[in-house]
Amino acid sequence: MKYLSIRQTAEKWEISIRRIQVLCNEGRIPGAVKIGSYWAIPSDAEKITDLRIKSGKYIKKDIGLE
C-alpha cells in the first residue's frame, strides 16, 4: 500500500496541514498510522466530511426550562 505525508494529503484534499493533523490525532482518517513523529496516510483514503459548524450559530436544544 502506498502512503502519503500530511503535506501531500493536504495538497490533494485542498485543506490545511494543521487540519490533517487534527483529523489524524482524532482517529478520523481510516488507515492513518503514526511512524515516530510523522503520520502516514493511505493514498486511497477518502476526504473526510467537515462536521464543524461554519455559520457561527449553534443549535440550542429545548430542555423544557421555562
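**View 1. Overall fold of the predicted chain.** The secondary structure amounts to 2 helices and 3 strands, where helices (H or I, at least four residues) and strands (E, at least two) are DSSP runs numbered from the N terminus. Read from the N terminus, the order of these elements is β-α-α-β-β. This is a predicted model, in which local features need pLDDT of at least 70 and side-chain atom pairs count only at pLDDT 80 or more, while totals for chains, interfaces and linings use all residues. Residues are numbered from 1 along each chain as its sequence is written, and side-chain values use heavy atoms, with hydrogens and water left out. Of the 66 residues in the chain, 24% are buried, meaning under 20% relative accessible area, as against exposed at over 50% and partly exposed in between (1.4 Å probe, protein chains only). The accessible surface comes to about 5,600 Å², with 53% of it belonging to carbon and sulfur atoms; such areas come from the Shrake-Rupley method with a 1.4 Å probe, and for residues only the protein chains shown count as cover.

**View 2. The three-stranded sheet.** The 3 strands form an open sheet in the order E1-E3-E2, with antiparallel pairing. E1 and E2 stand at the edges with a single partner strand each, so one side of each has no neighbour in the sheet. Two strands are taken to pair if DSSP finds at least two bridges between them. Strand E1 (residues 3–4) is joined to E3 over 2 bridges, and Tyr-3 has Pro-42 as its bridge partner in E3. Strand E2 (residues 33–35) is joined to E3 by 3 bridges; Lys-34 has Trp-39 as its bridge partner, and Ile-35 stands opposite Tyr-38. In the hairpin of E2 and E3, with 2 residues between the strands, Gly-36 takes a positive phi near 70°.

**View 3. The largest nonpolar core and Trp-39.** The largest nonpolar core has 11 residues, among them Ile-6, Trp-13, Leu-23, Cys-24, Ala-32, Trp-39 and Ile-41; a core is a set of buried Ala, Val, Leu, Ile, Met, Phe, Trp, Tyr and Cys residues joined through side-chain atoms within 4.5 Å. Helix H1 (6–13), helix H2 (17–25) and strand E3 (38–42) are the elements that each give two or more residues to this core. E3 is mostly covered, since 4 of its 5 residues are buried. Leaving aside neighbours within four places in sequence, Trp-39 is in contact (heavy atoms within 4.5 Å) with Leu-4, Ser-5, Ile-6, Cys-24, Asn-25, Ala-32, Val-33 and Lys-34.

View 4. Arg-19 is found in helix H2 and is buried, at a relative accessible area of 16%. Beyond neighbours within four places in sequence, its contacts are Arg-28, Asp-50 and Arg-52. Arg-28 is partly exposed, with a relative accessible area of 25%, and forms a salt bridge with Glu-26 in which the closest N and O atoms are 3.7 Å apart. The count comes to 1 salt bridge by the rule that a side-chain nitrogen of Lys or Arg lies within 4 Å of a carboxyl oxygen of Asp or Glu.

**View 5. A nonpolar patch on the surface.** Met-1, Tyr-3, Val-33 and Ile-35 form this patch, with about 430 Å² of accessible area together. Patches are made of residues with over 30% relative accessible area and no salt bridge, like charges being joined within 9 Å and nonpolar side chains (Val, Leu, Ile, Met, Phe, Trp, Tyr) within 5 Å. Met-1 lies in the segment before E1 and counts as exposed, at 71% relative accessibility.
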